[in-house]
Amino acid sequence: MDSQDDASSAGDVLQVQTREDFSAVFRDLYAPLVRYARGLSSDGVSARDAVQEVFTSLWEDRSEIVVRSSLEALLYTMVRNRVLNANRNRKNRAENASPRDIEDQKGLGTTSADESVTAKHLRQRLSAWIDDLPPRRREAFILSRYHGLSHEEIAQVMDVSRRTASTHVMHALQDLRRQLDALRNADDLP
């Protein structure tokens, strides 16, 4: 086995060594990472903070970070871990969980029964249906459809097998299709 194979099996050293490299990565991934973090946390400020912390760590530890598959997957994993840790810490500090945040978030997607089904109405319904998916299924779906990650990258971010990631995405699509079919039947849509 030559030295190049040894480096590949152990991971590659991060290729974000200059300010220009860092700026390009930041410019390309900041907004998608914030959207992803918002999906994991109901607090937009906490989501932005988590992404900022990840980029700060990326810059400060750039000479020590090893990328095993892709820098994008690594950043999504780092953001996921930061947000989940922040959520856990926030939950541990709170004496009683407030259901108000959950109700407020789910209330965003509701519409009146008399309103016709428009593109806006459908987007609102879809958003509510996605919010109602089981957490891991929702996360895999969002990573796949909104952030364009491959099933392999989703598996790495979620720390599951590729098959499990694929299954989560497949089940999410099936759940959403059932919801859409029920809506079509109820409203006699084409």
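Which residues is Leu 75 in contact with, leaving aside its neighbours within four places in sequence? In this predicted model, the partners are Val 25, Leu 29, Leu 33, Val 54, Phe 55 and Leu 58.

**The nonpolar core**
- The largest nonpolar core has 42 residues, and Phe 55 and Leu 75 are the ones that touch the most other members.
- Two or more residues of this core come from each of helix H2 (19–40), helix H3 (44–60), helix H4 (71–93), helix H6 (119–132), helix H7 (135–145), helix H8 (151–158) and helix H9 (162–187).

**How H7 and H8 cross**
- The two helix axes come within 10 Å, crossing at roughly 135 degrees.
- The crossing of H7 and H8 is right-handed.

**What meets at the H7–H8 contact**
- From H7, the residues taking part are Arg 136, Glu 139, Ala 140, Leu 143 and Ser 144.
- On the H8 side, they meet His 151, Ile 154, Val 157 and Met 158.
- Sorted by class, this contact has five nonpolar, two polar and two charged residues.

**A closer look at H8**
- Glu 153, Ile 154, Ala 155, Val 157 and Met 158 are buried in H8.
- Of these, Ile 154, Val 157 and Met 158 are buried and also meet H7.
- Asp 159 follows H8 and has a positive phi, near 60 degrees.

Methods. Residues numbered from 1 in each chain as written. Predicted model: local features only at pLDDT ≥ 70, side-chain atom pairs only at ≥ 80, totals over all residues. Heavy atoms only, no water. Core = buried A, V, L, I, M, F, W, Y, C linked by side-chain atoms within 4.5 Å. Buried < 20%, exposed > 50% of the residue type's maximum accessible area, 1.4 Å probe, protein only. Helix = DSSP H or I, 4+ residues; strand = E, 2+ residues; numbered from the N terminus. Contact = heavy atoms within 4.5 Å. Axes fitted to C-alpha atoms, helices over the stretch in contact; angles between N-to-C directions. Left-handed = near helix turned anticlockwise from the far one by under 90°. Nonpolar A, V, L, I, M, F, W, Y, C, P; charged D, E, K, R; others polar.
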